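Q: I would like to learn how to read side-chain features from a model. Can we start with burial and then move to rings?

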Amino acid sequence: MKLYLIRHPRPEVAKGFCYGDMDVPLADGWEEGAEALKQALSIEFDGEANVCFHSPLTRAAQLAEHISDGRSHATAALKELDFGDWEGLCWHDIPKQEIDVWAEDIVHAAPYNGESLQVVADRVWRWWLSVKDTPMETCVVVAHSGVIKVFVSMLCQWPLNQCHRIDVGFSSLTELSVQGEFVMLKRLGAGDWV
């Protein structure tokens, strides 16, 4: 199976704004890049051999619906990490000591009263186990930076506490080949499809 992980386009938020699982709109002009991605993928989504799943948050849902001609499946497990008390704040306004507590154990800590990285990894992995054996030629997942980072880490058996090192830009495409338990990473966070 070909597995494509696509991050949503740039949202309309101020730089440095913490928006995790907040539903924020896409920035104007996102459709142009979405159309280029759709053309580059050139996949006919039929709901069987070629399937698209997406986070229900608007910024991912709009892209998924565009590239799949409305044939994508909203999947709650693909929502971004919930930053709880930090949602809607600018990162520079979050007390440094809270960020330090989080950084000491980035996998399990959640000083913001939201989800830990491990909670996100667990829900994404449960979803993946529920769909991975479905006969699909192509699986497209439109989601968020945090989701893609933990998903790639788990598929490639990389340490979860290092997933922050993976660069997943807006509208980037990560491509993997999955054959049973064998996973080959072909492209990581690339934006060269444009």
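A: Start with burial: a residue is buried if its relative accessible area is under 20%. Keep in mind that this model is predicted.

Q: Is Trp127 buried or exposed, and why?
A: Trp127 is buried, because its relative accessible area is 8%. Trp128 has 1% relative accessibility, so Trp128 is buried as well.

Q: How do Trp127 and Trp128 pair, stacked or tilted?
A: Planes under 30 degrees apart count as stacked, over 60 as edge-to-face, and the rest as tilted. The planes of Trp127 and Trp128 make 50°, with 6.2 Å centre to centre, and the pair is tilted.

Q: How many aromatic pairs does the structure hold?
A: There are 13 aromatic pairs. One of them joins Phe83 and Trp86: the planes lie at 15° and the centres 6.2 Å apart, so this pair is stacked. Phe83 is buried at 10% relative accessible area. Trp86 is buried too, at 1%.

Q: Which residues do ring pairs link into a cluster?
A: The cluster consists of Phe83, Trp86, Trp91, Trp102 and Tyr112.

Q: Which residue lies over the face of Phe170?
A: For a charge over a ring, look at the distance to the ring centre, within 6 Å. Arg7 lies over Phe170 at 3.9 Å from the ring centre.

Q: Where does Leu57 lie?
A: Leu57 sits in the loop between β2 (50–54) and α2 (58–67). Leu57 is buried, with 5% relative accessible area. Beyond its neighbours within four places in sequence, Leu57 contacts residues including Gly20, Met22, Lys79 and His144. Its C-alpha atom is 8.8 Å from that of Ala76, 19 residues apart along the chain.

How values were computed
Residues are numbered from 1 along each chain as its sequence is written. This is a predicted model: local features need pLDDT of at least 70, side-chain atom pairs count only at pLDDT 80 or more; totals for chains, interfaces and linings use all residues. Side-chain values use heavy atoms; hydrogens and water are left out. Rings of Phe, Tyr and Trp (its six-membered ring) pair if their centres lie within 6.5 Å; planes under 30 degrees apart count as stacked, over 60 as edge-to-face and the rest as tilted. Buried means under 20% relative accessible area, exposed over 50%, partly exposed in between (1.4 Å probe, protein chains only). A charge sits over a ring if NZ of Lys or CZ of Arg is within 6 Å of the ring centre and within 35 degrees of the ring normal. Helices (H or I, at least four residues) and strands (E, at least two) are DSSP runs, numbered from the N terminus. Contact means heavy atoms within 4.5 Å.
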